[in-house]
Amino acid sequence: MSVPGISFNDGHQVPWIAFGTGTALYQQDATEAVKIALENGFTHLDGAQMYNNETTLGAGIVASGKPRSEIFVTTKLTKLQSGQTAKTALEDSLKKLGLQQVDLYLIHSPSHHQGPGRLGQVWKEMEECQSEGLTKSIGVSNFQPQHLKEILEVGSISPAVNQIELHPYVWKSLQSVLDMHAKHGIVTSSYGGLSPLFREKGGPLDPVVEKIRSRLETTRGSPVSDGQVLNKWMQQKKILVVTTSSKPKRIREYLDTINVPDLTPEESDLIETTGSKLHKKFFVSQLRTI
Ligand code: NDP
């Protein structure tokens, strides 16, 4: 089973859904989880220096027996130590991952690179990582419009992607950053997309998700989960979804989202208008377990 892709502005393709090794796997041994995700059909792994588990992410790839060419690997630059650059930090990551090259390298958070001109400088170092072949694509995470503006002013290329907290309870507040993505061809990527289901149980979205899930089940003639409703909402918008699970059944279910019937425009609107009734971010501090 191949996972459909989204096109980056640099010509590369990225599988629309990624298995994350932060949150539940933060600072944990990711070997088994990564192996299970790959064996069950995931082809995109989302790691980060900050997760402190790149070595076991790499071990999971080896344990799965999957060829490197079939896997898309993302990692993210954390706060730089003195004397380090984005390039030396990526070289360190590659050693840990046991890889020659990653597919995507992101600046994890603008809050890690503060001071006048600092973000622009780091972006130029990211561009060097790409031109030297250490990564195929480069992008950012947790960037607001002012951060994007700062790097677009000094950079030679636009980021391929901006990975941000995205779910219906923050959707309305994201409009300015989404407009900037559209203007510069930046792919929007979501983390924490399923938060309404388990980080805010009993919220206004619950009955809406249930109603849509039930309609989709009838149309499809087979089970549809709540998670698939929210993942479908994002997939239809060409959002790159970053999720995770400890359960093989749920992993297969995430991938099966592609086979779920489309939401109608009215159903998507209902998710968005209901989400706007409760503005809630779950990843307030970008330095939490992300
Ligand atoms: P999601 O919001 O998709 O949540 C995934 C979690 O949801 C899993 O742990 C799963 O648990 C649980 N889950 C799924 N469906 C249900 C349900 N119906 N009821 C209860 N629980 C459910 O993603 P995360 O917030 O976990 O983030 C995913 C990845 O995104 C991270 O691992 C990381 O790679 C990346 N990330 C990046 C950040 C950044 O700053 N760039 C910040 C945060 C995350 P179960 O194991 O039970 O299936």
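A: The shell around the ligand splits into eight nonpolar, 15 polar and five charged residues, where Ala, Val, Leu, Ile, Met, Phe, Trp, Tyr, Cys and Pro count as nonpolar, Asp, Glu, Lys and Arg as charged, and the others, Gly among them, as polar. Bear in mind that this is a predicted model, with local features needing pLDDT of at least 70 and side-chain atom pairs pLDDT 80 or more, while totals for chains, interfaces and linings use all residues. Residues are numbered from 1 along each chain as its sequence is written, and side-chain values use heavy atoms, with hydrogens and water left out.

There are 28 residues around the ligand, and T243, S245, S246, K247 and R250 come nearest (near means a heavy atom within 4 Å). Now the polar contacts (N or O pairs within 3.5 Å). An oxygen atom of the ligand sits 2.6 Å from a side-chain N or O atom of T243, and the side chain of S246 likewise has an N or O atom 2.6 Å from a ligand oxygen. On its own the ligand exposes 920 Å², and the protein buries 88% of that (Shrake-Rupley, 1.4 Å probe).

As for the space itself, the ligand takes up the largest pocket. A pocket here is an open set of points on a 1 Å grid over the protein atoms alone, with protein on both sides within 12 Å along at least five of seven lines; lining residues have an atom within 4 Å of a point.

The pocket holds about 870 Å³ of space. Its lining counts 43 residues, with L194, F198, T243, T244 and Y254 nearest the centre. α10 contributes the most to that lining, four residues. By class, the lining has 15 nonpolar, 18 polar and 10 charged residues.

Methods:
Polar contact = N/O pair within 3.5 Å; in protein donor to acceptor, adjacent residues only side chain to side chain. 1 Å grid on protein atoms, 1.4 Å probe; cavity = no way out; pocket = protein on both sides within 12 Å on 5 of 7 lines; lining within 4 Å. Sits in = over half its atoms within 2 Å of the grid points. Points joined across faces, edges and corners; volume = space filled by probe spheres on them. Helix = DSSP H or I, 4+ residues; strand = E, 2+ residues; numbered from the N terminus.
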